[in-house]
Amino acid sequence: MTTAFTPTVAIVGYQVRSADRKTVIGEIEGVRPRGVRLHKFPGHPGHFGYLPAEAINVVDEPTNTALLKSGITVTHILDAPHPPDERADAWHKSDEWWADLLGHFGLFESSGRGSEPYLHPDQH
């Protein structure tokens, strides 16, 4: 059964694939309330990247696979802004960095005259 993505430690170790299910992007190394940290990128040993929860379309629990939204590639993830702090509980707390990360992936919501990043409900 395919379910909507919920960032919990249960998905650590899940393989991340492109929307078409064919291309392996990486593996989930860590989970935070607002997204995940990835590693094991094919062709990019030793690299890691950050992915907001909004970039994950669904999690397929029977196959331990997370599927990305269409158009997101390994290059997007590797080029994404890195968090200002690597403490286990800190990287998701910078709203400026979070807005930059969401903008990098094109995860915006139209609002009035401009665009606004999707924010956690308690950030509105």
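**Contacts and exposure, step by step**

Visitor: Why is Asp-60 called buried?
Guide: Its relative accessible area is 8%. Buried means under 20%, so Asp-60 qualifies. This is a predicted model, and the value is computed from it.

Visitor: What makes Arg-21 and Asp-60 a salt bridge?
Guide: Their side chains meet at 3.4 Å, N to O. The cut-off is 4 Å, so the pair counts. Arg-21 lies in the loop between β2 and β3, and Asp-60 in strand β6, so the bridge ties together parts that are 39 residues apart in sequence.

Visitor: Why is Arg-21 called partly exposed?
Guide: Its relative accessible area is 42%.

Visitor: Where is Lys-40, and why is it called exposed?
Guide: Lys-40 sits in the loop between β4 (35-39) and β5 (49-52). Its relative accessibility is 53%. Exposed means over 50%, so the term applies to Lys-40.

Visitor: What makes Lys-40 and Glu-27 a salt bridge?
Guide: The N to O distance is 3.6 Å. The limit is 4 Å, so this pair counts too. It links distant parts of the chain: the loop holding Lys-40 and strand β3 with Glu-27, 13 residues apart. Glu-27 has 23% relative accessibility, so it is partly exposed.

Visitor: Which residue forms a salt bridge with Arg-37?
Guide: Glu-29 does, with the closest N and O atoms 2.5 Å apart. The count comes to 3 salt bridges. Arg-37 is at 18% relative accessibility, under the 20% limit, so it counts as buried. Glu-29, at 34%, is partly exposed.

Visitor: What else does Arg-37 do?
Guide: Arg-37 lies over the face of Phe-48, at 3.7 Å from the ring centre.

Visitor: Are Phe-48 and Tyr-50 buried or partly exposed?
Guide: Tyr-50 is buried, at 1%. Phe-48 is partly exposed, at 26%.

How values were computed: Residues are numbered from 1 along each chain as its sequence is written. This is a predicted model: local features need pLDDT of at least 70, side-chain atom pairs count only at pLDDT 80 or more; totals for chains, interfaces and linings use all residues. Side-chain values use heavy atoms; hydrogens and water are left out. Buried means under 20% relative accessible area, exposed over 50%, partly exposed in between (1.4 Å probe, protein chains only). Helices (H or I, at least four residues) and strands (E, at least two) are DSSP runs, numbered from the N terminus. A charge sits over a ring if NZ of Lys or CZ of Arg is within 6 Å of the ring centre and within 35 degrees of the ring normal.
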